[in-house]
Amino acid sequence: MIEFTLNGAKVRTDDPPDTPLLWAVRDTFKLKGSKYGCGAGLCGACTMHVDGEAVRSCVLPVDSVAGKAVTTIEGLAEPGALHPLQEAWVALSVPQCGYCQPGQIMSAAALLAQNPNANEAEVESAMAGNICRCGCYPRIKEAILSVAGRASAPPLEELASEVAS
Amino acid sequence: MNGLANVSRRRFLKASGVAGGGLVVGFTLTGCSSSAPPVVRREGDFVPNAFLQITPENRVRFYCPRDEMGQGVSTGLTTLVAEELDVAPWDVEILWAGVHSDYANPDFGVQGTGGSTSIKAHYRQLRQVGANVRAALLEAAAGQLGRPVAQLSTDSGHVVADGEKLPYGQFVATAAALEAPADAPLKRPSDFKFIGKDFARIDALDKSTGAAEFGIDIDVPGLHHGVVRRCPVAGGTLKSYRDEAARAIRGVTDVVEIGSGVAVVADRYWAARQAAQALEVEWELPSLAGLSTERLRADYRAGLDSDGDVDGERGDLAAGFGQASQVVENEYWAPYLAHAPMEPMNAVVRIEDGEADVWTGCQGIGAAQGLVARYSGLDKSKVRAHNTYLGGGFGRRATLTHVIEATQLAVATQKPIKVLWSREDDIQSGLYRPASLIRIKAGVDDAGRLTAWQAKRVGGNIMPDTLRNMMPALLPGAVGEGAIDWMVGLAHGAFDGWVVDHSSIEGLYEDYDTANREVRHVTVNHGLPLTFWRSVGHSYTAFAKETMMDELAAKAGLDAVEFRLRNTQDKPRLQNVIRVAGERLRQWPRHAGRHLGFAAHSSFKTDVAEIAEVSIEDGAIRVHQVLCVVDCGVAVNPDIVRAQMEGSVMYGLTAALHGELDLENGAIKQSNFHDYPILRMNEAPGVEVVIIDSAEDPTGVGEPGLPPIAPAVANAVFAATGQRLRSLPLRLA
């Protein structure tokens, strides 16, 4: 039995220990936001955070996260709120097919958590592991740079008042 | 930008609040043969047609007839119907249409999404649908309120009477009893509130939170997972297998021989995947097994010396070359390519109590229904087909062998089955953009006018394989596989010696005024399955044609723009994008070490000119900036047009700089993104898109941005190095 924290909740699984974290999360815990793209750590569609670090969950055995904190796209923002990157993604209409975008956002969020003022070269370098076949790169870069250097997400009450207005 | 963000926030809160987000696309099976469209009907709802449903609570639902693969069709088509219905597109709930003839693509006559047709084909139809329903609601309101229609207006889903806004939902019961008008007047373009305006694409939010549901995300109770081992050489068949090791893996329930190979079924994907790899399989190899890329290219080269079949003949070729002061002849190579959408192929099939459900993100949901019916033996009326978001299409998701596999496994195991292809399966067992060898010989006179254009393309044809894939879905089950194979054989013969498959040569000769021309096609087909790949034939013909034009311009002593302007007198729209891009070329801020290349191409009725700014760094081609000028008629959502041009440039750059599949003993050598690399952010140029203002009806957008980018880069590489690169992908000597 392998125990870890998934989006803030304690979970346990009897998946074989070499099962990639991606498949444990998708098939056992039924969180489908993290995607399979290559199974070899080459495309970044499966990116999650383990103790705050971006990881390729398609090649990470589930037993290697025992006792650690795993965050997926579903747990990136507080319930009912959006992460500033998600706001920027929508504002700039970044996604096309959308399949790679959870992984793109998770990679970008890990970058900004470590380097909140990342510049263009740093963004390009950090995001080079995430493939987008639709070619949304210019918008992904613009969205990340629009958030880099900004303090934090607007509080939910502000959003609610905008909706009411 | 604030306005865009606010839209998204409203949608977000609405989705997480009272409205809920969990409406399921339903399907009413009303008997042995029902012609009612598959719409979730509740008492009191107003369902005037297959596309719209308005509830008494004033919720507006749109059953989107085309498939959302990233091209923005759900936002675009919703905009068309919402504009005339007079509701905000982002207030409409979008559901994927089920199978019904009313949802046919007007350009195809069947339910299919592709060929950059969707906005063009539905532009007037869906606006008419919206206008008719609005007229019916106004008539109903007039009756209920005792006022003439002329004193009423509409605004954002409301009837406005004396300044008071009354929700459409108040009038749906009355409207449902009326006969809706069939030809209500359409808005004048000057009255458009949404068409031609920028707003956040409607699917952006769900695609940024992980909530968007793709085929791979479908889960049903008792779901089992099938992983198929297929012959590494296309067309090979199963000889024998040993499954002891596979069956020993925990969770494995079945090992099943199916048409495409042998499959392992397990309760988890990972168990099925590992067990499939543990199978020991022997294959009966087909004739393709002897093929290597070297032999393929030698066969194509020999094909260039055959006469082939004639198409696109005009004038007197010999006379045309006689008038020429310069004649240039070159050969151009383009390799096989895989589509490699980020979401590998997958499908879920459940068969229970004589009825079936299939879920798959595809470019033709009717075909999914047809395939499940054929391979389960059920009548089509007993098969509910559910579309999802597509994790990329690019032509690949028009072929649904994965639906056949899931159906065969569901039948054999009596379990609900999800089949998921691996990335290796996707690269090595799929269908491909055909390889091509092209020879062009062209003449130009002293005035810089083309006098003769002779072109020959050697390669395989898409159409026979398309028929092979479509016929099992479309024909009744009584027409067996043998009959289908026989018809496909006829098609292969027809396209080799009788008629030219236009998709094999499209774009090779149409763009420029040439009084004397001849196009020939030589079919050389080794049996690797072929299909549509974003922009189809244009993906290789534009490269040949536009790099040739650059050489001819130099021979004629003209710059790239002037030469093209002189030879597009009969193509004013193409000429205009060349002119507009040409002006930008002259004003381009010049940077040391950077060089510019120009190309233009017309495809899917849309005209595009592109400029690529390129440098050579450590012997590698680096593309810094791209300008794309496009005339696609009315841009229904200009920002989505821009996004499609950006994406087409990136997709085309992957092919131009990296894309290549090799054959070794008949098998595809490449297997995943390490040896079939995709352009990454650190290689991606900036892209500026200029949309020509137009009042003409829309034309294609999803593909036309792609063909000009490879030749634009190749022409820039010539400017930088003096090397004329005539093979894709582009590699410096």
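Trainee: What makes B:Asp511, B:Lys545, B:Glu546, B:Asp550, B:Arg564 and B:Arg724 a network?

Mentor: They are linked by salt bridges, a salt bridge being a side-chain nitrogen of Lys or Arg within 4 Å of a carboxyl oxygen of Asp or Glu. The model is predicted, so local features need pLDDT of at least 70 and side-chain atom pairs pLDDT 80 or more, while totals for chains, interfaces and linings use all residues. Residues are numbered from 1 along each chain as its sequence is written, chains are lettered from A and ligands numbered from 1 in the order written, and side-chain values use heavy atoms, without hydrogens and water.

Trainee: Why is the pair B:Lys545 and B:Glu546 called a salt bridge?

Mentor: The closest N and O atoms are 3.0 Å apart, and the limit is 4 Å, so the pair qualifies.

Trainee: How do you know whether B:Lys545 is buried or exposed?

Mentor: Buried means under 20% relative accessible area, exposed over 50%, partly exposed in between (1.4 Å probe, protein chains only). B:Lys545 has 1%, so it is buried; B:Glu546, at 0%, is buried too.

Trainee: Which class does B:Arg147 fall into?

Mentor: Its value is 22%, so B:Arg147 is partly exposed. Its salt-bridge partner B:Asp162 (2.9 Å, N to O) has 65% and is therefore exposed.

Trainee: How many residues does each chain give to the contact?

Mentor: Chain B gives 69 and chain A 61, where contact means heavy atoms within 4.5 Å.
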